[in-house]
Amino acid sequence: MKKKSSLIIITGHPATGKTTLGRKLSKKLNIPFICRDDIKKSLFDTLGTNDREWSKKLGGASFHLLYYIIETFLKSKSPVIVETYFHPVQDRPTFLELQKQYNFNPIEINCITDVEIRKKRFIERNESGNRHAGHVDHENYNMETKVEEGETMLDLGGTLFSMDTNDFDSVDYDGLFSNITRLINPPPNH
């Protein structure tokens, strides 16, 4: 029986700690981590920054590049961790098509944080100076504070984890690491 590749998908609304979780998982599991915002930052550095419309345009391009990178890993049957706010209606069909083509094992992690905490984190993150200016998040404060609620899981038929990320210190990272390790390295059948 052929071994399936594993695709670890971290999703959730903005400012829920997806990138923090992805970097921790990558380091602990020694699996590459692809963050869509890192791709977008690279596009800003290469093509320049401008207004909110330009940021949205590069955001669309960063999704195309993210899917290209995901497909590259799936072709080589290498596990990878990907992170961004994947929208179930828009992104699920793309993942289902990739799953049909590459038969991967989807592991989804949904980061969930209360709206008020997310609003505060979003503004603090932008004003910290650690967020690339190309995102022009200061122009997005009103829109981001009215973020939509609802499900962010893609529900691709694999294993689903919901992580309460209201308080980063109370997240059970070790439990998550153990569960994912078992899923990507199942014991051999006897």
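## Salt bridges within helices

The side chains of E97 and K100 meet in a salt bridge, with 3.7 Å from N to O, the term being used for a side-chain nitrogen of Lys or Arg within 4 Å of a carboxyl oxygen of Asp or Glu. The model is a predicted one, in which local features need pLDDT of at least 70 and side-chain atom pairs count only at pLDDT 80 or more, while totals for chains, interfaces and linings use all residues. Residues are numbered from 1 along each chain as its sequence is written, and side-chain values use heavy atoms, with hydrogens and water left out.

Both E97 and K100 belong to helix α4 (residues 88-102), where they stand three residues apart, about one turn of the helix; helices (H or I, at least four residues) are DSSP runs numbered from the N terminus. E97 is partly exposed at 43% relative accessibility, whereas K100 is exposed at 65%, given that buried means under 20% relative accessible area, exposed over 50%, and partly exposed in between (1.4 Å probe, protein chains only). Elsewhere, salt bridges with shared partners join R23, D38 and K41 into one network.

The structure holds five salt bridges, including these:

| Pair | Closest N and O atoms | Helix |
|---|---|---|
| D38 and K41 | 3.2 Å | α2 (residues 36-47) |
| K56 and E53 | 3.7 Å | α3 (residues 52-75) |

In helix α2, D38 and K41 are three residues apart, about one turn of the helix; D38 is partly exposed at 29% relative accessible area, and K41 is likewise partly exposed at 28%. In helix α3, K56 and E53 also lie three residues apart, with K56 partly exposed at 46% and E53 exposed at 53%.

Conventions
Helices (H or I, at least four residues) and strands (E, at least two) are DSSP runs, numbered from the N terminus.
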